[in-house]
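Subject: Structure handover

Hello,

Here is the structure I promised to pass on. Please open it next to this message and follow along.

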Amino acid sequence: MSMRAKLAGALGMLAVSLLLLAGISALTDLLNPVRVPVLMLHSVTREPEGEWSITAEKLREDITLLQAQGYEIVSLQQVIDYGEGKGNLPERPVCLTFDDGYHDNYTELLPLVEELQVPVTVFVIGCTVDSDKVNDAGQRVWLSTEELNALAASPWVTVQTHTWNLHRETTDADSGRTRTYILPLEGETEAHYRAVLTEDFQQEQALLTGSGVSELCAMAYPHGDGCSLTEEILGELGIRLTLTTDYSAGNLVYRGRADSLYNLGRMNLNNDTTAEQLLAYLQRPTQREAIWHLCLRRLGLLS
Ligand SMILES: [Zn+2]
């Protein structure tokens, strides 16, 4: 065999080995998805205020508990990167998200996350910004533009979209019918729905990029509701991760599988959530595991 043929043979073997290794590594990534629990919070207050709020003190305790249990709080960007085949996630990641865009996310949440140095995402309903609505104590309810700018400027806060004005029931300008949040109307054409979502998105985009947000890449569905068409249109607009309010199953994110970033469920964390409830959610079986357990139980192999 000539030297050239030997060299070609060796290079061929090397190429095959590399392909095999890449194949094994891709397979391992598919077989070993990362469980990514996501916690949903809203208002951060001084005093307990109900289902959609948590005191800064309780939030501090819960973050300490998560860290003591070996969980690492990661940003949604890290999760997106992993789903898109870039970067790594720790063994036990968890994400903290805050919906709606409350004034107290600036007064209470921002100082806390800067002190503890944990990444969080705040999902803002654009049309509420600069609203002069006050609560019973006479305090402003919603963020101002200046506060939004300050949140967006923090290295620990990512600001993303909760829609501009599709968080409530709205009247469709063309048909006069009532739209439920971000969902399509019954019988609405795809083109019309696309136009409505695009217009709302662009208004939100103008507000958030004006406040220093570099791009809109994640959406918390208002009230947790979206459908496959919502997802498709948002994907075209640049949204790569969506969140619901369903916490019945855990989330699995696969490296290099961007479709595993859609419809991630969340658990509502508030002042009444106990440590046991929080830890149970973090260990909640995924849908696939739940089905597997059910099969084993049916076969009498699991009690
Ligand atoms: Zn909301």
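This is a predicted model: local features need pLDDT of at least 70, side-chain atom pairs count only at pLDDT 80 or more; totals for chains, interfaces and linings use all residues.

**Helices α4 and α5**

Start with α4, residues 103-116, and α5, residues 145-153. They pack at an angle of about 45°, and their axes are 9 Å apart. An angle between 35 and 65 degrees counts as oblique, so α4 is oblique to α5. Their crossing is left-handed. On the α4 side, the contact is made by His103, Asn105, Tyr106 and Leu110. Glu147, Ala150 and Leu151 are the α5 residues in it. By class, this contact has four nonpolar, two polar and one charged residues.

**Helices α6 and α7**

Next, look at α6, residues 190-210, and α7, residues 228-237. Here the packing angle is about 50°, with the axes 10 Å apart. These helices are therefore oblique to each other as well. The crossing of α6 and α7 is right-handed. From α6, the contact takes in Glu190, Tyr193, Arg194, Leu197, Thr198 and Phe201. From α7 come Leu229, Ile233 and Leu237. Sorted by class, the contact of α6 with α7 has six nonpolar, one polar and two charged residues.

**Ser211**

Now go to the loop between α6 and β11 (218-220), where Ser211 sits. Is Ser211 buried or exposed? A residue with 20 or more other C-beta atoms within 10 Å counts as buried. Ser211 has 20 such atoms within 10 Å, so Ser211 is buried.

Which residues does Ser211 contact, leaving aside its neighbours within four places in sequence? They are Thr145, Leu148, Asn149, Ala152 and Val159. Check Ala150 too: its C-alpha atom is 8.4 Å from that of Ser211. Along the chain, Ser211 and Ala150 are 61 residues apart. Ala150 also belongs to the contact between α4 and α5.

**Helix α3**

Last, turn to α3, residues 76-83. Its buried residues are Leu76, Gln78, Val79, Tyr82 and Gly83. Look down the axis of α3 and these residues fall within an arc of 155°, so they line one face of the helix. Just after α3 comes Gly85, with a positive phi of about 85°.

That is the handover.

Best wishes

Note on methods: Residues are numbered from 1 along each chain as its sequence is written. A residue is buried if 20 or more other C-beta atoms lie within 10 Å of its own, exposed if 12 or fewer, and partly exposed in between; C-beta atoms are placed from the backbone. Helices (H or I, at least four residues) and strands (E, at least two) are DSSP runs, numbered from the N terminus. The arc is that of the directions from the helix axis to the C-beta atoms. Axes are lines fitted to C-alpha atoms, for helices over the stretch in contact, and angles run from 0 to 180 degrees between N-to-C directions. Angles under 35 degrees count as roughly parallel, over 145 as roughly antiparallel, 65 to 115 as roughly perpendicular and the rest as oblique. A crossing is left-handed if the near helix is turned anticlockwise from the far one by less than a right angle, and right-handed if clockwise. Two residues are in contact if their C-beta atoms, placed from the backbone, lie within 7 Å. Ala, Val, Leu, Ile, Met, Phe, Trp, Tyr, Cys and Pro count as nonpolar, Asp, Glu, Lys and Arg as charged, and the others, Gly among them, as polar.
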